[in-house]
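Subject: Structure handover and notes

Dear colleague,

Please find the structure below, as discussed. My notes on it follow.

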Amino acid sequence: MPLYDARGKQNRALIIGVSRYQDPRLHDLDAVFANPDELGRVLCAPATDLFLPQEVTPLRPDTPEELTAALRTAAREARGLLLVYFSGHGRVRRDGSDLHLLVGSSRVAQDERRVASHEAVSWAKDVLPRLEASRADRVVVVLECCFAGNADDSFRTHEKPVSLLMAAQPNRRIFSGTEPGGGTLFTRAVLDILEHGIEGKEFVTFEDLAGELRRRLAGHTTPQGGAWVPRASKQNTVDDVVVSFATRELRPRTPFAVRARRWWRSRPRRRLRLLTAAAVAPALTAAALILVDRLGPPESCPPAQELRLLTAPEAEPTLRAAALAYEMSGLNTEPVPGEDDVPDGCRRTQITVYSAAKDQVAQGFAAADRWQGEAEGADEAPPGGSGGQATEPLYRPGPQPDLWVPESTVDYLQVRQGMAAHAPVTLHRTGPVAFTPLVVGVPAARGLSDTEQAGSSWHKILDDAADRKLRLLRPSPALSGIGLMHTIGLYLADDGAPVGRDSGAPRPEVAERVESRLRAPGSQYAGSAELLCSLRPGASAAAKARATAAPLVTEKSLTDANLGHAVGNCPALATVPEKDDRYEAYYPAGVPGLDHPLIRVAWQGAADAARRQAASERFADWLRRPDGGQRVITEAGYRGVNADGRAAPPPTGSPLRDSRAGVLPDVGVEPYTAGQQRVAQVLAAYDTAHRPGQLLFLLDTSTSMADGGRIAGAADAVGRALEVLGPKDTYGLWTYPGPGTTARDREHPVERIRTGSSGPDAGRRLLERLQRDDGGLVDQGAWMQEALTAALDRLRDSPAERTKAVVLVLDEDDGAGKRSKAARDALSEALAAHPRIPVVVLATGRGGCDAAPVRHVVEGSGGNCVAGGPGAADTLAGLVASFGTGGQEAGR
Amino acid sequence: MKRVAAAVAVLCLLAAGCSDPGPAPAADGDIVLATGSDLSSTGVRRELIRQWERRTGKTVRIVKLPDTADGQRSQLLAAGQSGNSGYDVLNIDVAWTAEFAAAGIIRPWGKELGGDFLSSVKKTATTGSDGTVWAVPFNTDAGLLYYRSDLLEKYGYDGPPDTWEQLRTWSQEIMAKENAHRPADEKLYGMVAQLRPYEGLTVNTLESVWASGGDPERTAHLAGALQQGVYALKERLRTIMPQEATAMDETASRQWFADGRALFMRNWPVEYASVAEKLDPGRQFDVAQLPAGSSEGRHRTVLGGQNLAIAADAAHPDEARSLITALTSARSEHCLLQRGFAATRASAYDGTAPACDLPPDDARREEGDGARHSTAPPGRVPPYTDLLHRALKDAAPRPRSAHYATYSKVVQLYVSDYLTGQDDASIADELAEEATKALSGRGERGR
């Protein structure tokens, strides 16, 4: 049998002995107390000839973490032999499974089957994985505890060669609690064998030790009576290991090579000085510096260079996890070109990942000079400068990015198109980092019987979905890159032919047919995560809506929804949803997928531009590496990127491979290649297929709106909604109640911005005034019923060729319920009159969307309700976008 | 031609006052204040700035930073490292002060911080072994326990729980009894807190770890307390919190509590007014210090709040210093306390501070980052003032390290996985090791 000889290697021995227990139900083990020190002495003794003193750690742990931390350290440091020795109490479940090693603070659970894992150390969950992760060549474990023999049941390692010695056979106790101090019977036998060797043997191997112990204990019984038989077991090896070189014969001298290596390893300082001396001749001063550096405490690290990574909301969690993995990686401690002298081993880069809606990103880049100016503390841009769009790009979309990962190349082309010629920023496209195909989620209970999940054309899917009375829901093409790419697919791949350079312009009849199925007022969402979150099982109100909803999303987000992962603001579910609550993914043929290109963004005038570029490029490169960012990206449910920059099939272990994900992981995905012009044509066709919108914003400005910052939240949401109106859409902005003291004065709303106005600037200025100006608020209850009736009448009287809607910002907490019956009846009539005009309510009051006046308005008009709070602005914007043309970034 | 240009450039450098033709950072007289919190329209902090403007005849221009704390930090730090931020005063989160100091983005305030600043709060402005002061505490914050006093009374409890264990057992009892007759969608939960993976999760984790015996000065190193702390957090999530808590921030948890769907909530005092306003009539709540780990333990909380610092490349350092001094004076801090902020000076709490001399406003409209209104009648301090003062004395800063941001990200990642995962296996030694590594600024070596 081959023998493993660990002499001269970097070995570690962790000797654990627990003799004192806090729980009175666990008797102290006085005999164990001496074990660690005695065993430590023997292992380093010249006779044993295996371990150096600094390689042996005795441990008397009080908490499970002390034990696992020491184990982790020893496992990591060992390169040759790792020896782990435990003596103390052990417990198992009633069925004999799940051995736990008990430490000082461990308590016995009342119910013996449940040994809580935070109170004790699990053999299978805590110890074995750490041994498996060790870098040692060989591992030897000795367990001296009650039920030690039960360890064999769960003794499995994948690759690591481990030998296990158990003090007794399964289901045996070995301590009675009355053993005298000074070392246990078992350990004393082990010590004697290791220190003095075995008659007739040149050294002691693991097998020898086990055999000799069995022989010596043969005459003993366990404390409860019955034979005492130590057991041995092995994983991933048939070899034997020398555990002591002690012998009763004439001992051969330790080989010179071993002695030399030991001498070298036992004197780290001398080793360093020797190395230094060897390097001294060419550069004395440099060498001296290194010496000082190595022997002194490590220099403290300066803050790493901060990179700002902008992406879309759906990709943010994944890129955030990837960025942190990079930050903590070894690669991030390598020098970056252009850096000043950063001490060795320090992290070079840190990355903050944040996200914004697609239209806000486009507005930010279109106003790049303003973006830069704000960051430099420059005075406000003159009114009308930079198109008067995003007044504060630094506020939203946020920081000036160094890296930008849009959802697809289309978003990038759009931004390029909108940028000024002399913008103080340049964009460098470096290729895709993650792919995901576009899919339609069809409720599993309503599968499309005549349509193949993959390979069917949009035309056929739309027909079949109509037969099944499915409501198709889409993220807004204005706010979301997913919504835009879906629209491109719907228009250009209607017949299933791949969208490519040869694709013709979108045909108007296709766009019209598509939008007739998709333009239902209020059917758009800010993003795919928000869309899927609104359909999450559990919310009882959503149950009916969910049964007929078919969301147009990505394979990745549908997988998250199907597997119960967190999506958007919805938390992870405790269990995977039932089959009837899941969706099946249909892959419309020829539709391009998302390619998430990584764009490096270089701002003019950065003093650290070279280093910023080098750091960004290194991260971008790592993100595409199979052993780097791709691990995180594929684990999250994206398709990875192969060496050619194309989509790679998902690896085993990808959530896409889980059958419950409802997706087809082997369907291919191609990026968009048809150029910017086609995108513009699609948006124009979208525009044509939608009648322009005519909206009337009706704002409660009674003083109760001032409470709790409601007016600020409301103004923010309305301002955001104005941004998503297209150039042909019009709006008006009214406030109520009117000023004055008589009821007649007050029931008339104030027409602050004439209906039929366009361009967001006037609205934005008014909203600012309303927030700032104390006189803007009226100190009496609101007269919502009267104001809304007037608003509906006005819209109904205007020309018919527009999609009309009222956006009502309501605080129903004052007065709304106290209006006369006549006023309520008049409103009911106005709501029911034809053609119906949907009312979208932003409910900022206490009752939210459940308040009676809100329900009256929403149900009466066939409208929607958004409750005030975080995310309300984007949700409202998504709804508003579905009333107008809104397909192009606002103002262009 | 080139040579002429070069000569001009050299002359330019020699001539004092010759300005660079490139992007000129605020060469005009305005003091530029960069802030994440919205100071631009109304509110007491804006009024204090206006008062200084009136007194000195200078103008303060406010640059509004990104609307998330992570975004604000990222922008200020990156722009500072690139050498192109043109700000004079930075209003920064207390947790970033050490990093900004080490990165050379703010300049030292001095050797000492005079005055009666609370000692726990003072620590947030001081870094390094030499105790240099880098900023002045503007407003502070301490986590409080909000509780439904009406429900506790109904079930025979005459005050808030003293320990986390009591909080859990009381919750379980009251949940069982209340939910017996409530419809499913009005189910009462024991507690809500901020467990979404963002800075709030780090704060809640630290508080749980400190309650389990962790030492605020050595947070990263104590694996034992760390594991007990995260385990206690998971145990509360499993037994008395809604699953939705793993997606909650301050606002979402406040909404849940104000809707009457939770018995307890951990939150900042800033939410007091919102809760008071939104909770249905007939329901009552009160606030207390966070529970302790044991009956003898301290009621630990994490310090929040903002510090004011002078930017390293400030064009108007003297005016910046004058503005900061005025905004943090004893009188100003008294005004802040009256208008719903947590003041940073002891005199604001013990009544020895000079009276606030801001013109009385209707005190109804405040800043966009929170509802700070009608918590107290004009000229008086809010009802929770004494309690807040006690909580602040027991509060401790988060690790003051130049690498805190990475540390917090590591904590969020590990704890979030642990809370939502099925497996209870210990994460403490790995988390402790990663967190310690994060705080050291170092990474994994050569893999």
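To start with one helix on a sheet: α2(A) lies across β2, β3 and β4 of chain A and runs at about 165° to β2(A). Contact here means that the C-beta atoms of two residues, placed from the backbone, lie within 7 Å. Helices (H or I, at least four residues) and strands (E, at least two) are DSSP runs, numbered from the N terminus. Axes are lines fitted to C-alpha atoms, for helices over the stretch in contact, and angles run from 0 to 180 degrees between N-to-C directions.

The model is predicted: local features need pLDDT of at least 70, side-chain atom pairs count only at pLDDT 80 or more, and totals for chains, interfaces and linings use all residues. Residues are numbered from 1 along each chain as its sequence is written, while chains are lettered from A and ligands numbered from 1 in the order in which they are written.

Sheets

The strands under α2(A) include β2(A), a member of an open sheet of six strands with mixed pairing and the order β3-β2-β4-β8-β9-β11 in chain A. Two strands count as paired if DSSP finds at least two bridges between them. At the edges are β3 (56-59) and β11 (231-235) of chain A, each of which pairs on one side only. Direction ignored, neighbouring strands of this sheet are turned by 10° against each other on average. Within it, β2 (residues 12-17) and β4 (residues 81-87) of chain A run parallel and are joined by six bridges. A:R12 has A:L82 as its bridge partner in β4(A).

An open sheet of three strands, also with mixed pairing, has the order β1-β12-β10 in chain A. Its edge strands are β1 (3-4) and β10 (204-205) of chain A, each pairing on one side only. Two bridges connect β10(A) with β12 (residues 240-244) of chain A, and these strands run antiparallel. Here A:T205 has A:V242 in β12(A) as its bridge partner.

Contact between the chains

How many residues of chain A are in contact with chain B? The contact takes in 65 residues of chain A and 71 residues of chain B. On the side of chain A that touches chain B, at least two residues each come from α2 (64-77), α3 (123-132), β13 (305-311), α9 (316-327), β14 (349-355), α11 (368-375) and α24 (760-772) of chain A. The most come from α2(A), which gives six residues. By class, the residues of this side of chain A are 25 nonpolar, 23 polar and 17 charged. In this grouping Ala, Val, Leu, Ile, Met, Phe, Trp, Tyr, Cys and Pro are nonpolar, Asp, Glu, Lys and Arg are charged, and the others, Gly among them, are polar.

Helices

Helix α14 (residues 481-492) and helix α21 (residues 675-689) of chain A pack at an angle of about 85°, with their axes 10 Å apart. That makes α14(A) roughly perpendicular to α21(A) (under 35 degrees is roughly parallel, over 145 roughly antiparallel, 65 to 115 roughly perpendicular and the rest oblique). From α14(A), A:T487, A:I488, A:Y491 and A:L492 meet A:R678, A:V679, A:V682, A:A685 and A:Y686 of α21(A). Seven nonpolar, one polar and one charged residues make up this contact.

Helix α22 (residues 710-723) of chain A has 14 residues and reaches 20 Å from its first C-alpha to its last, close to the 20 Å expected at 1.5 Å a residue; the expected span is 1.5 Å times one less than the number of residues. Because 12 of its 14 residues are buried, α22(A) is largely enclosed by the rest of the structure. A residue is buried if 20 or more other C-beta atoms, placed from the backbone, lie within 10 Å of its own, exposed if 12 or fewer, and partly exposed in between. Among the buried residues of α22(A) are A:R710, A:R720 and A:E723.

Backbone points in loops

The peptide bond from A:R396 to A:P397 is cis, with omega near 10°, and A:P397 is in the loop between α11 and β15 (403-405) of chain A. The bond from A:Y736 to A:P737 is also cis, with omega near -5°.

A:K469 is not a glycine but has a positive phi of about 55°. A:K469 is exposed, with 8 other C-beta atoms within 10 Å. A:H596, likewise not a glycine, has phi near 40°; with 28 C-beta neighbours inside 10 Å, A:H596 counts as buried.

Regards
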